[in-house]
Amino acid sequence: MTLLNMNLPDIADIKKVVTDILKGKGGLALNLSIIGIIMGIYALSRLLIEGHGAVTNTSSLVPWGVQISTYVYMVLLSTGCTFINFFGYMFYRKEYEMFGTRILFVGIFIAFAGMGALATELGRMDKMIYFLLSPQPKSPMWWMSVWYSIYVTLKLVELVNHKRGKHSDKLLWITFIVAIITYSNLGSVFGIVEQRAYYFGPLLPIYFLMLGFLTGAALSTIIASAHFYKSDTEFQNHVRPFRNSLRIGLGIAIVATFWRLVAGMYAQAEGYEIFKLTFMHTFFFELLFALAIPLVVSYFSTCQRCMIVICSFILITQFKIRTDLIVGGFKIPVFKAYSIPDIVSYMPSHVEFFVVIGAISAATFIYVFADKIGFFEGEEHIHG
Amino acid sequence: MSISRRDFLKIASAAAAVSAAPVFKSVSAMSNKPSAPPTFSPNYCELCFWNCGLIAKSVNGKVVKIEGNPLSYRGNGKLCGRGNAGLGLLYDPDRLKYPMLNTGKRGDPKWKRVSWNEALSFVADKLNGIKQKYGPEAVALFSHGTGGSFWKHFLNAYGSENSAAPSFAQCRGPRDVGFYLTFGAAPGSPEYYDFARSKFIVLIGSHLGENAHNSQVQDLINGISDGAKLVVLDPRLSNVASKADWWLPVKPATDMAILLAWIKIIIDEELYDKEYISKYAIGLKELKEEVKNYTPEWASKISEIPAATIVEIAHEMAKHKPNLCISGGRFTVWYGDDTQRSRAIAILTALMGSWGREGGYYLPAKGKVPAYPGLPEYPDSESGMTGDYPFALLPVTNAIREAVLTDKPYPCRGWIVYGSNLIKTMPNTKETIEAIKKLDLMVAIDVLPMEITQWADVILPECTYLERFDDIQTGKFQTFEVTLRVPGMKPMFESRPSWWITKELSKKMGLEAYFPWNDIEDYLKTRCDAAGINYEELKQKGAIQFNEKAHPYITAQNQPKFNTPSDKIELYSKQLKEHGFDPVPKYTAHEEPQPGYFRLVFGRSPLHSFSRTVNNFMLNDLIPENELWINTKQALKLGLKKGDYVKLVNQDGIKTDTKIKVKITERLREDCVYMYHGFGANSSGLSRADKRGIGTDQIITKYTIDPLMGGTAIRGIFVKIVKEA
Amino acid sequence: MVKNEELINIMTEDLKRALKKPADKRVWVMAIDIKKCIGCHACTTGCMSENLTPPGIQYRPVRESEIGTFPNIALKFLPRPCMQCENPPCVKVCPVKATYKREDGITIIDYNKCVGCRYCLVACPYGARSSDVGAYYTGKFKKATYEVESSQEYGKEWARRNHFCSPVGNARKCHFCIHRIEKGVLPRCVETCLSNATYFGDLSDPDSLVAKAVAKTNTFKYKELLGTKPRVIYIT
Ligand SMILES: Nc1nc2c(c(=O)[nH]1)N[C@H]1C(S)=C(S)[C@@H](COP(=O)(O)OP(=O)(O)OC[C@H]3O[C@@H](n4cnc5c(=O)[nH]c(N)nc54)[C@H](O)[C@@H]3O)O[C@H]1N2
Ligand SMILES: Nc1nc2c(c(=O)[nH]1)N[C@H]1C(S)=C(S)[C@@H](COP(=O)(O)OP(=O)(O)OC[C@H]3O[C@@H](n4cnc5c(=O)[nH]c(N)nc54)[C@H](O)[C@@H]3O)O[C@H]1N2
Ligand code: SF4
Ligand code: SF4
Ligand code: SF4
Ligand code: SF4
Ligand code: SF4
Ligand SMILES: [Mo]
């Protein structure tokens, strides 16, 4: 079917997939993501009905929890996808092209899902209109709303373009640059907070960017690897750009994490003890376990399934690390009285977890659904 | 008190009125509708016994805020950390709501909701039964709190004089008696400590600031910031000790040694107020002889305070005489020789000439509001039970408890417990429970399902102080103060004030002649009229002070009277000697903890009053449980970390059933552990407080009785720490 | 020296004088004499009851810290209202300008605008901000009257049960009791302080007690090096 010059799947295909789903024959991925979405809706309704106080474990001491880290993580993935998309087109156009629309698509909806997770963390979602009515240009968070709107719009334009069978390198460039700004802006949301040693510093936005590249690479590698290939050679050929990006991503993530750790360990100011407190964890878990091991493994095991496993591992560990980063900012309370502990601990409630699951499921559902109805078919060769 | 009093109503209503003008430029005030206009009623706080004046603001018939009444002598417009949280009691959903009969066992109750009529008929029948079988004196009242006066009146009308209060034998009795024996008067409550004008202040224990007795804390800080020097004797760096010029981390139970050494130094070096002593006191010679061996070096060895410090402070005290206050403290049932220790303080006070002097102990104002006129005489009755304690000023709670078990001096079979949580308040809970089990009637009048109510046959739910009138209250301080409690709202649920309960009960027992008033306001107005006080003014202001009745300091015209056998200050007490006691305080060594044991020291949380506030939702939110303070070195030795939960075992092998969190501190000596009293609730009805922390009562199985006045000394408890996951 | 019990009266007069000036000429400051503070927490609960704060939220907690080892040990109390920073990090980060400085220097939160993103909580160096997550002391369903009563903050009615004008979901903090001072009444914590350790008034008025109090003695500002320029001054 063609709509506004876009080449879209036929209604009949959509109907078929929907009836399949209703019959419970949607396949594992779809069924699971539907369950996840239901969990998300349940979480959202409890949040709205009972309020944050009753159902989340965030508090004045830990104002931001796993809902925010989900957001950070998902937009990180989105940015990563944009990077991969950019590098794919720039350096490996031949091998990459066939995945372009998919990566673009995932990048958009994962950002939407992330923003959904963010919205659930707001105490008063009903007042979001004030982002428009009462802007504060000094606030990185306000800029975040601006940049993400631009970013998502650009990506949507790109997607429409693709569906019209076009591809513009100019737009690719613009989106790439906006993605850098957007994501480093998100980094600055944390980086400007002088009081939170774990966040503070001009390097944080850069650190964010570097990790963004890694997770984007991991996700796109999974997407590319989950594809059907006639032979391993074909697979190796197509997955090369992704694997290379992944290795580069791991490499720079190791460097970035290492220097952040070193800088933090040397700092003497109040609050920096958090780096010492989390040293073992950062060193063994973040550096060795979550980054170095996958890097090494990626040289020895290159089969299709291996790639999916490695990348899933990276995605999961990075989610944990993102959460640790957010929550790490609150570990040492800025003021202690009454029963406020020396070190604050935080464990998300089940409702918070459900929000995470809901957001991930929503993104997954949309992608798998799009795939099933043939949204990405006939996109293998788009020329700019 | 020369300050220009603000017109509190004007101010209070200004603070309350909601402005129509929007503060915000941005968003319309679409839904910020002002509520109905507020009303204000004066009251006084009942979260402890200082009874600070307050003003309750009510909107739509509900109290929504309380603030200090600037006209109140005890509060000066301020409420303490607890008082400000009064609404946390008023609106506690756990409150007692209806009269209830226990259809199960005492201590294992099954509650049946009944009407007031049924509940009071039950009580009346039982009381009549006891009167017939044992005589009216077999009924005792334990009361702590303002409404208790109606119960005391009721009990007297019924024919018993056994109205006891834990504030005597479990609290300040020894101090009162020690001063009474010396000066013929007790230091009062609020005490006559003239801290605000002191040049030198000595606190022995007395952890003011944590002990949040409002105006006393204010006076103390006034004095210190006016330059008064401060000495604090305390094994723990209390809040106030941290303000002291000299903190003496005295070894617990040895204060007496230091006091005696001070007396000796002052007499030996003739540093006392010679004119004052020769004019007002007797027994200096005998005193000198008795204390001759108490050298500073001797005291130093015992108390672990350097002799030089002891001497230095003695000299400093003398330098500032007579404008110094050596405080008699308040909670004084410590080691069993407490009346004598208080006597030592009183003697020192006399030597310094500071009783009746500026900055010392002021002389209380005179004044009186006559009783309700024309009431019938109380029936003759046996005198109240004071045990074998010749100097008890009031019936003694523990003597009554003993009487239940021994039938001596006569049987006791009925208890009316008003506003006192005896289970936690009296030492050795087992004994209390044994006594309760033997009773024919046990009535609890309370506001919350506290431990004591679980042992009652019938619970009479009183409404809280913000919902009731109470009797007129008078206070003799540097001014004569008359205060009134005016309800800010109707009683919630079916709770009722004591004046109503006693009046209704009297009708059922044929005692209505003792309650002839139509209602409480009729009663109050009649009393005010009799005293020449304008009731309407009192009802509006809440507190009226009569300064003309005050003559706080000794002058040529204002000579003190000492109500002692000799009409003089008795440094040496003949009457003590006649009763076989030491006429001058002597040092007695007290038991020491065995190795591995710590002395249990306890005190007050600034945010709680005993057990009565542990369930208060505002206070519980800040301090939900008590902690076990332990010195860092000892904690290290025992491998304890901050936040660990432990249990305690006392010297008799009794283990606490609840756990307590460890607090590691440098503020405490190594030979003791410290905790707040009042926690470790054991009543499932207290939803916030139940089982949180440890109650000192769980381990205070042993106590020593002060033979002079029956006080139960409870600081001889030694505990071992046991780790529990 | 001026007798402590008169301090409240003097400061009330100071306050009334300051209110006669245009708002932008008033420099509200709070001075807390930590020599006098006895750690009674009356200010904490006074504020809680004044502003009907929900569980876990105190606008003015009192920190206790011990320095040294037994027996050479000092104990310090630090009551902490909002510092009303002249250069407030919380204002800059608020994406919707819900928190801003008034012309008299008090940083306030517009409950009607605040989206509850809690960025200001993250940014405030003093932990002076809390998030009202809609919790109740007395449980979810049987809320006591106290819990649903309107708070009078900012001179308005904020009923907790009314979603559209309630602070639930918002950031909350000390506001120097604007609703009181604008009526010529001192902040609640100042009035109820047992030690009279808290002074309040217009620093630009040299005759005011607070100006005299901070001029005479050693003072410090909390975390001053951050450049926040607090308007709460501690006297030592
Ligand atoms: N916040 C609050 N204030 C209260 C009350 C309350 O419940 N809460 N209750 C009120 C009542 S009724 C009373 S009676 C008073 C009680 O309060 P106080 O009369 O002040 O009680 P103390 O026992 O004198 O003081 C307790 C202090 O004594 C120290 N201490 C323990 N053993 C010894 C010792 O052997 N020698 C010396 N020198 N010090 C020792 C402890 O370390 C502790 O710091 O508080 C009143 N004020
Ligand atoms: N182990 C140990 N024992 C002690 C002490 C200690 O420090 N440690 N301190 C001693 C001292 S100093 C004292 S003064 C006593 C205090 O002894 P109590 O006065 O017995 O102490 P509270 O725990 O406050 O109990 C008060 C009771 O009154 C109820 N109540 C509160 N308000 C009202 C009201 O308006 N009306 C009625 N009818 N009831 C009300 C409460 O719910 C509670 O049950 O305890 C003494 N006992
Ligand atoms: S001292 Fe505190 S608790 Fe006691 S009566 Fe006064 S305000 Fe109430
Ligand atoms: S103390 Fe915190 S909340 Fe207050 S003005 Fe400063 S930054 Fe803002
Ligand atoms: S929580 Fe409210 S006041 Fe704070 S930054 Fe967010 S919108 Fe602004
Ligand atoms: S000024 Fe008002 S809001 Fe601020 S701490 Fe004091 S009482 Fe609370
Ligand atoms: S009320 Fe005053 S003395 Fe008490 S803690 Fe607060 S500032 Fe300190
Ligand atoms: Mo007491």
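C:R17 is partly exposed, at 36% relative accessibility. (Helices are DSSP runs of H or I with at least four residues, strands are runs of E with at least two, and both are numbered from the N terminus.)

C:E13 also belongs to helix α1 of chain C. C:E13 is partly exposed, at 46% relative accessible area.

## Basis of the model

This is a predicted model, in which local features need pLDDT of at least 70, side-chain atom pairs count only at pLDDT 80 or more, and totals for chains, interfaces and linings use all residues. Residues are numbered from 1 along each chain as its sequence is written, chains are lettered from A and ligands numbered from 1 in the order in which they are written, and side-chain values use heavy atoms, without hydrogens or water.

## Other salt bridges

Side chains of opposite charge can pair when their charged atoms come close. Over all chains, the structure holds 68 salt bridges. One of them joins A:K16 and A:D20, at 3.4 Å from N to O. These two sit 4 residues apart in helix α1 (residues 11–22) of chain A, so the separation is about one helical turn. A:K16 is exposed, with a relative accessible area of 52%. A:D20 is partly exposed, at 22%.

The side chains of B:R106 and B:D457 meet in a salt bridge of 2.6 Å, N to O. The two residues are 351 residues apart: B:R106 is in the loop between β4 (100–102) and β5 (111–113), and B:D457 is in the loop between β14 (441–446) and β15 (458–461). B:R106 is buried, at 18% relative accessibility. B:D457 is buried too, at 10%.

## The site of ligand 2

How many residues surround ligand 2? The shell has 26, and the closest are B:H144, B:T425, B:D446, B:E462 and B:S611. (A residue is near a molecule if one of its heavy atoms lies within 4 Å of it.) By class, the shell has 11 nonpolar, 9 polar and 6 charged residues. (Ala, Val, Leu, Ile, Met, Phe, Trp, Tyr, Cys and Pro count as nonpolar, Asp, Glu, Lys and Arg as charged, and the others, Gly among them, as polar.) In chain B, α5 (166–183), α14 (422–425) and β14 each supply at least two residues of this shell.

For B:D446, a polar side-chain atom lies 2.5 Å from an oxygen atom of ligand 2. B:S420 has a side-chain N or O atom 2.8 Å from an oxygen atom of ligand 2. B:T696 places a polar side-chain atom 3.0 Å from a nitrogen atom of ligand 2. Ligand 2 has 930 Å² of accessible area on its own, and the protein covers 97% of that.

## The site of ligand 7

Ligand 7 has 14 residues around it. C:C37, C:C40, C:H41, C:C43 and C:C193 come nearest. This shell divides into 9 nonpolar, 4 polar and 1 charged.

## Backbone details

The bond from B:S189 to B:P190 is cis, with omega near -25 degrees. B:P190 is in the loop between α5 and β8 (200–204) of chain B. The bond from B:K408 to B:P409 is cis as well, with omega near 0 degrees. B:P409 is in the loop between α13 (397–406) and β13 (414–418) of chain B.

In chain C, C:L52 is not a glycine, yet its phi is positive, near 45 degrees. C:L52 lies in the loop between α2 (42–51) and β2 (62–69) of chain C and is buried, at 8% relative accessible area. C:C177, also not a glycine, has a positive phi of about 50 degrees. C:C177 is in the loop between β9 (171–172) and α6 (178–181) of chain C and is buried, at 7% relative accessibility.

How values were computed. A salt bridge is a side-chain nitrogen of Lys or Arg within 4 Å of a carboxyl oxygen of Asp or Glu. Buried means under 20% relative accessible area, exposed over 50%, partly exposed in between (1.4 Å probe, protein chains only). A polar contact is a pair of N or O atoms within 3.5 Å; within protein, one must be able to donate a hydrogen and the other to accept it, and residues adjacent in sequence count only if both atoms are side-chain atoms. Accessible areas come from the Shrake-Rupley method with a 1.4 Å probe; for residues, only the protein chains shown count as cover.
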